[in-house]
Amino acid sequence: MPAHPSSRMPSCLRQLGDASGPAPLETATDLRSYLATVPDPRARRGIRHPWTALLTAAAAAVLAGAASIAAIGEWVADAP
């Protein structure tokens, strides 16, 4: 389901520039490396998944059209 027009996502995505074609390989970055630099705000208790894995799954869900936390959770639950 695409983001609602009033969502902040479309305006944020416009800042990324023209997406009419693939980016040159020289300018492409590894998303996992970038997400690994994001600090983990969670407490250090209980069983949990790696922070980078959670961020990567959330990013994949949003790229697939998820527009809310609930939609991200549903997409991740249905992913193989």
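The legends below describe close-up views of a predicted model.

Local features need pLDDT of at least 70, side-chain atom pairs count only at pLDDT 80 or more, and totals for chains, interfaces and linings use all residues. Residues are numbered from 1 along each chain as its sequence is written, and side-chain values use heavy atoms, with hydrogens and water left out.

**View 1. The chain has four helices and zero strands.** Its pattern along the sequence is α-α-α-α. Helices (H or I, at least four residues) and strands (E, at least two) are DSSP runs, numbered from the N terminus. Of the 80 residues, 8% are buried (under 20% relative accessible area, 1.4 Å probe, protein chains only). The chain exposes about 6,800 Å² (Shrake-Rupley method, 1.4 Å probe). Carbon and sulfur atoms supply 64% of that area.

**View 2. Helix α3 packs against helix α4.** Helix α3 spans residues 51–63 and helix α4 residues 69–78. Their angle is about 105°, and their axes lie 9 Å apart. Axes are lines fitted to C-alpha atoms over the stretch in contact, and angles run from 0 to 180 degrees between N-to-C directions. The two helices, α3 and α4, are therefore roughly perpendicular (65 to 115 degrees).

**View 3. Side by side, α3 and α4 meet through named residues.** From α3 come Ala57, Ala58, Ala60, Ala61 and Val62. From α4 come Ile72, Trp75 and Val76. Contact means heavy atoms within 4.5 Å. By class, this contact has eight nonpolar, no polar and no charged residues. Nonpolar covers Ala, Val, Leu, Ile, Met, Phe, Trp, Tyr, Cys and Pro; charged covers Asp, Glu, Lys and Arg; the others, Gly among them, are polar.

**View 4. The structure holds one salt bridge.** Arg42 and Asp40 pair through their side chains at 2.9 Å, N to O. A salt bridge is a side-chain nitrogen of Lys or Arg within 4 Å of a carboxyl oxygen of Asp or Glu. Arg42 is partly exposed, at 24% relative accessible area. Asp40 is partly exposed, at 23%. Partly exposed lies between buried, under 20%, and exposed, over 50%.

Key: Parallel < 35°, antiparallel > 145°, perpendicular 65-115°, else oblique.
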